[in-house]
Structures are given as C-alpha cells and as structure tokens.
Amino acid sequence: MLINKNISLKHFNTFGLDYKAECMVRVRTKKEAVALFKGEISFKKPLLILGGGSNILFTGDFKGTILLPDFKGIRIEKKEGRSVIVSAGAGIVWDKLVEWTTERGLGGLENLSLIPGKVGAVPVQNIGAYGAEVKDTIIKVRAISVIDGSVRFFNNKECGFGYRTSIFKGSEKGRYLVTRVWFRLSGEPVLNLNYGSLNEEVAKLGGATLKNLRKAVIHIRQNKLPDPEVTGNAGSFYKNPVVSPQLADILKKRFPQIPCYDDPSGGIKLAAGWMIEHCGWKGRRLGKAGVHENQALVLINTGEASGKEILDLSEKIRASVMEKFGVELDREVVVI
Ligand SMILES: Cc1cc2nc3c(=O)[nH]c(=O)nc-3n(C[C@H](O)[C@H](O)[C@H](O)COP(=O)(O)OP(=O)(O)OC[C@H]3O[C@@H](n4cnc5c(N)ncnc54)[C@H](O)[C@@H]3O)c2cc1C
C-alpha cells in the first residue's frame, strides 16, 4: 500500500484544480483494502474514494485521506451461449476496457466509448451516452465495506441503478469501495445506432461494425466535448431534469421549441443544456470559470479558476433556470 502526504490534486481531477490532499492512499489488493477498513492500518478521516476525478469538483484542500483504488486486470470469466462474461478491476481506465472488448468483438460497451474515469466509478454513476447505459450490461459488483472491511457482492437489482445514479450514490453513499465489476457482453452484438447521427457516422466509416461504431462515438465526442487535458471540465455539470407532464405542457406553450422526451418514470425529460443556453449562459465567463461555447451543460476552468468560482457560477445558472423555467437543476458532478 502506498501512502503519501500533502499531495497536489491538480492531476487527480479533470477540472485541474490545484488543491491539496492531506493524505493519499493507493490500494492495490482486496487484502490491503480489508486491512485498512478493519482498522489494522490507521488513516486520517474523512475518507474520499477517487477514481479518475472526472465527475468531482473540489472546493478546497481535502483534510483527510483520498483513497485511489488500483485494482487491475480484465478477464473473460465464462461464455454462456452468445453471452461472454467479462470482469474488470476498479482501477482500470474505463475506455481501455471498452477498447479491449470491442477489439475482441464483444458488444455492449461501445456506445460508452471515451467516457473519462475508471471502472470502479461506472456502477456508482451508472454512466450513459448515445442511447446506452452501463446498467444494461452489469451483472454484479464486488465491493468492500468502508465501515468494517466485509466483502459483499451486489447483483444488478441490488445496485439500485437510476439515471446517473445507484445505491452507491444514494442510501449507501460513501460506505463501499467498488473493487471489481462483471459485465455481460455479446459475442454476436446487435449495434445500437438509434441515437443522433450515429447511423450516418458509421456509414461514412464504411458500415455498421462494432469497431466503426466505437470510432464514430469517439469522433462525435471529440468534436463536441472539450478535452479535459486542454480545458478543465467534468462533462455535464447537471442532470437532465424530469418534470411532470403538466409542467411540461405549460413549458411547451411558453417555449414551443423546448426539447421534451418521454421518461420511463412517466415524467418528461427536459434538456438542461437547452434551458441553460436560453438563459444566455452559453460561452459566458464569470472570472476564470465559464460555460463551454458549444455545450452549455459543460462548465469549464478557463485558467486558474478556483473550485468556489466554478461552484458560484453553477449556482447562478441554477437560479436563472429556476427563474425562467421554474425547473430545479440537479448537479451530476459531486462537490467536495
Ligand atoms: C469530458 C467529459 C465527458 C464526460 N462524459 C460523460 C458521459 O458521456 N456520460 C457519463 O455518464 N458521464 C460522463 N462524464 C462524467 C464522468 O466521466 C463519469 O461520471 C465517470 O464515471 C467518473 O469516473 P471517475 O473514475 O473519474 O470518478 P470520480 O470522479 O473519481 O468519482 C465519482 C464518484 O464516484 C465515487 N467513486 C469513484 N470510484 C469509486 C469506487 N471504486 N468505489 C466507490 N466509489 C467510487 C467517488 O467517490 C465519487 O463520488 C464525463 C466527464 C468528462 C470530464
């Protein structure tokens, strides 16, 4: 187990914020994690589990211990008819796993190509993009209780997946370290090309194959979203809100162009980015924090912004969306 003191977080969060962590622990094995949580090794509390830091906004130095899960290994566990069960350690970079599976002709993760972060955060966040959500491939998750070091498996249902959320972000928030995730993939993939311009992009690349679909998703993402290596950001700052059909009807009368989508919950999903743009925020700056010029849902660090500046900007945006549309925006990003 590697323990460091007084570490800069600049390269541990995609906003590129240069705060410090009092202590940082890199955990590589189940045994190390169990020993830590059983109290065999003492550490400064509070504890924060950090993957790639791509969905986190730090607003100051972290006066506790940051735990970096470094569980490695991608394995084909077994084949069941057309299904192939693959497991991956929490410390694997998510897109490396997507690349590994698509190269082997295993379908299910390709629409989620190039999403930043590590495998361990994927069930926590229930990541989604281009008409796919990771919950549809996860069979089980192995996690270790931070409270007593006990090891537990959560099946898909027990993960309590919802839109960009799960039990690990809800009732069990902060209580479990995810160490390994099992996915059910398909050896005979049926491609999901229904979203946006995917069909056209794949055709331009020469046809509908798994590898072309991954290439198309990567191409669209690289054109649409800022690269955190160049401009600090954490992807979509807010979730798309789901409102009652009654409120959606009122909004459609007042704003005929407002994008509305049926949500499986029976409510209506609205596009947060569209509302933010129509409040005049797209491309605006407030100090060193800003709203991306092509994607109003993405807040950016234009230089040396502080976490507080980004948070203040996000609160102003929330207030103006509430004032104009009467809709509350929920953050997708975790504020520390
Ligand atoms: C440019 C950009 C584009 C993005 N696009 C998308 C997108 O299309 N779709 C999407 O869904 N998201 C997107 N995101 C958000 C982000 O990539 C995902 O939420 C990702 O899963 C976060 O992974 P991470 O490892 O960086 O987690 P972190 O940001 O490090 O952590 C996120 C949360 O998960 C917890 N956590 C992390 N690892 C573990 C673990 N092993 N065990 C328990 N808890 C853990 C943390 O404590 C924290 O609460 C984007 C972000 C960026 C910067």
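# Reading strands and a ligand shell

User: Let's start with a residue I can click on. Which residue in strand 12 does Lys140 stand opposite?

Analyst: Lys140 faces Trp182 in strand 12. Keep in mind that this is a predicted model.

User: How do I read a pairing like that?

Analyst: Here's the general idea: strands in a sheet pair through backbone hydrogen bonds, in either a parallel or an antiparallel way. In this structure, strand 10 (residues 138–145) and strand 12 are antiparallel, with seven bridges. Strand 10 is also antiparallel to strand 11 (residues 151–155), over five bridges. Lys140 has Asn155 as its bridge partner in strand 11.

User: What do strand 10 and strand 11 form?

Analyst: A hairpin, with five residues between the two strands. Check out Gly149 in the turn, whose phi is positive, about 80°.

User: In what order do the four strands of the open sheet come?

Analyst: The order is 1-2-5-3, with mixed pairing. From one strand to the next, the twist averages 30°. Strand 1 pairs antiparallel with strand 2 (residues 20–27) over six bridges, and Ile3 sits opposite Val25 in strand 2.

User: How many residues surround the ligand?

Analyst: There are 35, and the closest are Gly51, Gly52, Gly117, Gly120 and Gly235. Elements giving two or more residues to this shell include strand 3 (47–49), helix 3 (122–125) and strand 12 (176–186). By class, the shell has 21 nonpolar, 12 polar and two charged residues.

Technical notes
Residues numbered from 1 in each chain as written. Predicted model: local features only at pLDDT ≥ 70, side-chain atom pairs only at ≥ 80, totals over all residues. Near = placed C-beta within 6 Å. Nonpolar A, V, L, I, M, F, W, Y, C, P; charged D, E, K, R; others polar. Pairing = 2+ DSSP bridges. Axes fitted to C-alpha atoms, helices over the stretch in contact; angles between N-to-C directions.
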